[in-house]
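Colleague: Could you take a close look at one part of this model for me, and then work outwards from there? I'd like the cut-offs spelled out as you go.

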Amino acid sequence: MADKIIRTIGVLTSGGDAPGMNAAIRAVVRTGLGKGLKVRGIRKGYQGLLNEEIIDLSARDVSDTIQRGGTILQTARCEEMRTEEGQQKAAAICKKYGIDGLVVIGGDGSFAGAQKLANLGVNTVGIPGTIDLDIACTEYTIGFDTAVNTAMEAIDKVRDTSTSHERCSIIEVMGRDAGYLALWCGIANGAERILMPEEHDYDEAAIVADIQECRKRGKKNYIIINAEGIGDSINMAKRIEEATGMETRATIIGHMQRGGSPTCKDRVYASIMGAMAVDLLVAGKSNRVVGYKHGQYVDFDIDEALGMKKGIPQYQYDVAKALAL
Ligand code: ADP
Ligand code: F6P
């Protein structure tokens, strides 16, 4: 059982970075200091914890960071943390540095690490940070709002040139395992087709037939939003051009979706979640994850959160298709 009296809080970011992580770090640091706690920053996620890359953080260390993309603590993926040995070493390092409460900002994988540490006596709270929006216990994840707006603006620009040249454009957005960025861009950019990993058996022959039909009706472009999890955009463009005779170009937006100054929403939600994570630790909670559901900031047991399932909302996908007439 973890000791519930918190004197020192550690904070780390893990997995893919996301705009707004700095706002969450800042909130953890300043809420912790405001409550008389010591706050330690752990660089480069669990890898940095295992390497003891641990620094003291003051209120000034997080000045001028709320508007910056990326994460000032940097992030990493760490295979060693998946092993029992790595987890025990990480818990021992937390104890060595007096870290009795740890805030983990990341996705489901990062929360699984926090869960293991909680079982080893380190009080932990997770904050959902990923541009993918693929965490089941929450309707909001840090970074999605910024990333989806970045992608939307990029797609608008591609659409301009696509219309000028009467082309088909396949635009690949991020999301190896999740189609939320693709779905939201599909709706926001008025795409003709949305291809998502959750609907993997997409029908290319049907797309070809639809493009031909749209051309007959005088449509000047044809926008396909393709999620990274489907991928193959460049070859897909070649195949579609060959089958339809319509010039087709592929654009892969890539990592620019993960960078940039966070939107107002990402700054505000991340700030509140950061403060809430510290409040939970101070209240003696552990193995919790912060979320946003039905207009409220809430928290769940990590075991329960990791057991939840989230799919693409069928109605939203149906609306996207209906509006692509
Ligand atoms: P995300 O947190 O965005 O889901 P990953 O799945 O890459 O990203 O996980 C981030 C890191 O969390 C991994 O590199 C690893 O260090 C740690 N992690 C992932 N899964 C586990 C697990 N089952 N047990 C312990 N640590 C894990
Ligand atoms: O999880 C965030 C994310 O950006 C996914 O959308 C994407 O599939 C993946 O990370 C890319 O990871 P990497 O930066 O390692 O290529």
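Modeller: Start with Gly190: just after H6, this glycine takes a positive phi of about 60°. Helix H6 itself runs over residues 180-188; helices (H or I, at least four residues) and strands (E, at least two) are DSSP runs, numbered from the N terminus. Bear in mind that this is a predicted model: local features need pLDDT of at least 70, side-chain atom pairs count only at pLDDT 80 or more, totals for chains, interfaces and linings use all residues, and side-chain values use heavy atoms, with hydrogens and water left out. Residues are numbered from 1 along each chain as its sequence is written, while chains are lettered from A and ligands numbered from 1 in the order in which they are written.

Back to H6: Tyr180, Leu181, Ala182, Leu183, Cys185 and Gly186 are buried there, where buried means under 20% relative accessible area, exposed over 50% and partly exposed in between (1.4 Å probe, protein chains only). What's covering them?

Thr138 is buried, at 1% relative accessibility. Beyond its neighbours within four places in sequence, Thr138 is in contact (heavy atoms within 4.5 Å) with Pro128, Met273, Gly291, Tyr292, Lys293 and Lys310.

Another buried threonine is Thr8, with a relative accessible area of 8%, and its place is in strand E1 (residues 8-13). Leaving out neighbours within four places in sequence again, Thr8 touches Lys38, Arg40, Tyr97, Gly98, Ile99, Asp100 and Gly101.

Now the charged pairs. A search of the whole structure turns up 19 salt bridges, each a side-chain nitrogen of Lys or Arg within 4 Å of a carboxyl oxygen of Asp or Glu. One of them joins Glu52 to Lys96, with the closest N and O atoms 2.8 Å apart. Glu52 is in the loop between helix H2 (45-50) and strand E3 (54-56) and Lys96 is in helix H3 (residues 84-96), so this pair ties together parts that are 44 residues apart in sequence. Glu52 is partly exposed at 29%, whereas Lys96 is exposed at 58%.

Arg288 and Asp299 make another salt bridge, again with the closest N and O atoms 2.8 Å apart. Arg288 belongs to strand E10 (residues 288-293) and Asp299 to strand E11 (residues 296-301), so the parts tied together are 11 residues apart in sequence. Asp299 is partly exposed, at 22% relative accessibility. Arg239 and Asp232 also meet in a salt bridge, 3.2 Å from N to O; Arg239 is partly exposed at 35% and Asp232 likewise at 37%. Arg167, Glu241, Glu247 and Arg249 are linked in a network of salt bridges.

Last stop, ligand 1. There are 15 residues around ligand 1, the closest being Arg77, Cys78, Gly107, Gly109 and Ser110; to be near, a residue needs a heavy atom within 4 Å. For polar contacts, the cut-off is a pair of N or O atoms within 3.5 Å. An N or O atom in the Arg77 side chain is 3.2 Å from a ligand 1 oxygen, a backbone N or O atom of Cys78 is 2.6 Å from one, and a polar side-chain atom of Ser110 lies 2.5 Å from one. The protein covers 81% of the 550 Å² of accessible area that ligand 1 has on its own, by the Shrake-Rupley method with a 1.4 Å probe.

Technical notes
Polar contact = N/O pair within 3.5 Å; in protein donor to acceptor, adjacent residues only side chain to side chain.
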